[in-house]
Amino acid sequence: MAPQSKFGQFLTGYGRLTIYLIPIGVAINFVGGQIALLLKLPVYLDSIGTILVGALCGGLPGAVVGFLSNVINSITSPTTFAYAILNVGFGILAGYFSRIGVFRSWWKTLLSSVAFAFIGGFIGALITIWVFGGLVGGGTGLIIGALMATGMDVNTANFVAQVPMDVLDKVPTVLAVYAIIKGIPRRLMAKLPLGWVYLGQERPGAKAQPATAVQP
Amino acid sequence: MTVTSLQEVADGYRQPRSLGNPILDLNPITTLCVIVALIVTGIALGGWVPSLAVCLLFMVAAVVAGRGRTYLPLILKLWLGVGLILFLLRALLTPGHVLIPLGRIAVTTEGIEQGLAFACVVMAICGGVTLFFEFVPMRHLTLALERLGVSPQASYVLLASFQAITDLGATAKVVLEAQTARGVETEGNVFMRVRAFFPVLAPVFLSAMAATEERAIALDARAFNSSTRHTSLVELRRTRRWEPVLAVALGVIAVGVIVGRALGWF
């Protein structure tokens, strides 16, 4: 009998459905980005899967989704890897917000975008400054370059360019999460680790909680 | 399918999988160690020359392994899309001795030096990562990881993620066309297009979620959650004796260079 690894135990503790939802979360991150491109939207929308899995299964599975997405993304654009910590943060924060019932009302959901944008914009800008010295390629990089050409220093330019960009990105992101959670049938919701939040039930005993979610 | 070709297909699974090239047939973990060691050595040596040398080495390796036709255009695109921009931004925006003044910004000697060094370092990492995934099929990587003791659940998550990206990407296109046909506006101003985003993404996720139930049953039927050792259809080639030696040797060189630099030997 092969000893089960820590990761295996960790996932089993969350119920099997979580194992099958993590890949879907990763794919939704990518698909969200693709649809945004197809619709020619000026935002990324590439963390919906992370926040969704965080909200439905808990912070750690959400963090796994975020980390995996950035690792897979870095195969084609390796600079993304430096920002993996942001996506991990989104997942953990989404898990916490979900537990306190943020995603149950639309206005609390809307407010949560500020917190996500703080991580994405503020800490994202910090990473750009620390890892890349404030200068990195891509659309935002060109905006930063343009701001610096007008005489702004590199740090200010990063915050000025990235924080508003991220608010614009996270508002539709959390709204999409809210809309999707609304659309999940009760039958499926009952099997999710955090489904009790959305079914309006009492929190099951902390230890006994996976028992309701084990049978997929 | 004739009897002989059926026989051939069956025989294909009786032997370890070969990709028909000694470099491609290295154990995925060996490939990983070698690439990481080369990148670390290149970066630790400092300056742009070693990093660029590592980039060129990766390109040569790709050609020797017969993957030049796919790797070279890819890495060229990365050089233009990432490397060049990183270089230009630094060359133009770093203060220092002005070489070519361009209005408020200027090309400076320091900028060119820094830009070249930074672009080469980033490109060495990019080149290594893309080379690894060019050489190692994801299935072989997860199989090698499972043989090292990584849980099948973890490798399932990794493999299924790649599959799901392709699958859900295809579903998303279908849903987008279907919703357009039903009259959801996908053209027009930004607000119209943002509104179209939700009715496309929600069905993709919900249908994928509904499908997980069937997948769970299918996997259970194949005893996926059993804790005994899993069998696999494909076997990796046996790792040659010298492969770990090569990986460790390169690792020692990489560490040696870091230590050497830290102690100021060169």
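**The largest pocket and its surroundings**

Author: The largest pocket has a volume of about 1,400 Å³. Its lining is made up of 42 residues, and if you want to find the centre, look for Tyr44(A), Asp46(A), Asn73(A), Ser77(A) and Thr80(A), which are the closest to it. Keep in mind as you look that this is a predicted model.

Now for the elements around that pocket. On the chain A side, α2, α4, α5 (84-99), α6, α7 and α8 each give two or more residues to the lining, and α4 (68-93) of chain B does too. The largest share comes from α8(A), with 6 residues. If you sort the pocket's lining by class, you get 22 polar, 15 nonpolar and 5 charged residues.

In chain A, 63 residues are in contact with 57 residues of chain B. Between them the chains bury about 5,200 Å², and 80% of that is on carbon and sulfur atoms.

There are some polar links as well. Four would be the number to remember for residue pairs in polar contact between chain A and chain B, counting pairs with both residues at pLDDT 80 or more. As for salt bridges between the chains, the count is 2. You can look up a salt bridge between the side chains of Lys191(A) and Glu213(B), at 2.4 Å from N to O.

Which parts of chain A touch chain B? The elements giving two or more residues to that side are α1 (6-13), α2 (16-38), α3 (48-57), α4 (59-76), α6 (106-132), α7 (138-149), α8 (154-183) and α9 (186-189) of chain A. Out of these, α2(A) gives the most, with 18 residues. By class, this side of chain A has 44 nonpolar, 15 polar and 4 charged residues.

One last stop: the cavities. The count is 1 cavity of 30 Å³ or more, and the largest cavity has a volume of about 150 Å³. It's lined by 20 residues, and Leu24(B), Asp25(B), Leu26(B), Pro28(B) and Leu236(B) are the ones nearest its centre. That cavity's lining splits into 9 nonpolar, 6 charged and 5 polar residues.

How values were computed:
Residues numbered from 1 in each chain as written. Chains lettered and ligands numbered in written order. Predicted model: local features only at pLDDT ≥ 70, side-chain atom pairs only at ≥ 80, totals over all residues. Heavy atoms only, no water. 1 Å grid on protein atoms, 1.4 Å probe; cavity = no way out; pocket = protein on both sides within 12 Å on 5 of 7 lines; lining within 4 Å. Points joined across faces, edges and corners; volume = space filled by probe spheres on them. Nonpolar A, V, L, I, M, F, W, Y, C, P; charged D, E, K, R; others polar. Contact = heavy atoms within 4.5 Å. Buried area = accessible area lost by both parts, 1.4 Å probe. Salt bridge = Lys/Arg side-chain N within 4 Å of Asp/Glu carboxyl O. Polar contact = N/O pair within 3.5 Å; in protein donor to acceptor, adjacent residues only side chain to side chain. Helix = DSSP H or I, 4+ residues; strand = E, 2+ residues; numbered from the N terminus.
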